[in-house]
Amino acid sequence: MAGVAIVTGAASGIGAACARQLAADGFTVVGFDLRPAPECASSRVLDVADRSAVEQVYDQVEHTIGPVEAVVTAAGYYERIGILELDEVAVGRMIDVLVNGTANVSRVALRYMVARGRGAICTIGSELGLCGDADAAHYAACKGAIHTMTKTIAREAAPHGVQVNCVAPGPTDTPLMTAELRDPAYIDSLVLRRLVDPTEIAAMVGFVVSSDQHNLVGQVISPNAGAVI
């Protein structure tokens, strides 16, 4: 498979690494982000939580650049707030960006992919969606929602030739990492005694969206340095 790929959150971190990987794999990569995405052949500045903006811009990509064969939903952010201090504003924004953002992009992508009978969507979850995290209940809950959303969408899309799967990174060396998670004591607690490199996540994403992997349906694959086994 080659052609056009859309990567959300492509301006930095895991999203930027995924953009580089897919470009190396032969895709023309379009980035969706709040900022320009220099790793992409083309980028669109928008908020993935804005459903109408996502639909409008996605349509433009389809009609001006070409059929979108792969989508990676990497847009998101990490935030630590204890449950006693967590308010509805913080919860609502996290839901908007992570859950609604993933749904918005996946929804419009599936309209085109189902009609063509091919395509691949890779959502980005988190190992914290598998095990939870102290002081980040809203983040962990939203990532868990992405995992189950992926499985559900995959059931709907697979009969139409569209692959939908999730890569759920563990502690990855990006600007989102807090000082606490860079503490040597924490890193030593990981089985591999190191953080995950963004390129490792990107390589897994590239594998997941490969057209050769037809048996991957609704899977949550978690490269996490042994943080969760």
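**Close-up 1. Ala 225, in the segment after strand S7.** Ala 225 is buried at 9% relative accessibility (buried means under 20% relative accessible area, exposed over 50% and partly exposed in between, with a 1.4 Å probe and protein chains only). The residue lies in the segment after S7, and its phi is positive, about 60°, although Ala 225 is not a glycine. Most residues other than glycine have a negative phi. The model is predicted: local features need pLDDT of at least 70, side-chain atom pairs count only at pLDDT 80 or more, and totals for chains, interfaces and linings use all residues. Residues are numbered from 1 along each chain as its sequence is written, and side-chain values use heavy atoms, with hydrogens and water left out.

**Close-up 2. Asp 135, in the loop between helices H4 and H5.** The loop that holds Asp 135 runs between H4 (128-131) and H5 (137-157) (helices, H or I of at least four residues, and strands, E of at least two, are DSSP runs numbered from the N terminus). Asp 135 has a positive phi near 70° and is not a glycine. With a relative accessible area of 41%, Asp 135 is partly exposed.

**Close-up 3. The open sheet of seven strands.** The strand order is S3-S2-S1-S4-S5-S6-S7, with parallel pairing (two strands pair if DSSP finds at least two bridges between them). Strands S3 (42-45) and S7 (220-221) stand at the edges with a single partner strand each, so one side of each has no neighbour in the sheet.

**Close-up 4. Strands S5 and S6.** Strand S5 (residues 120-124) runs parallel to strand S6 (residues 163-167), and five bridges join them. Ile 121 stands opposite Val 164 in S6.
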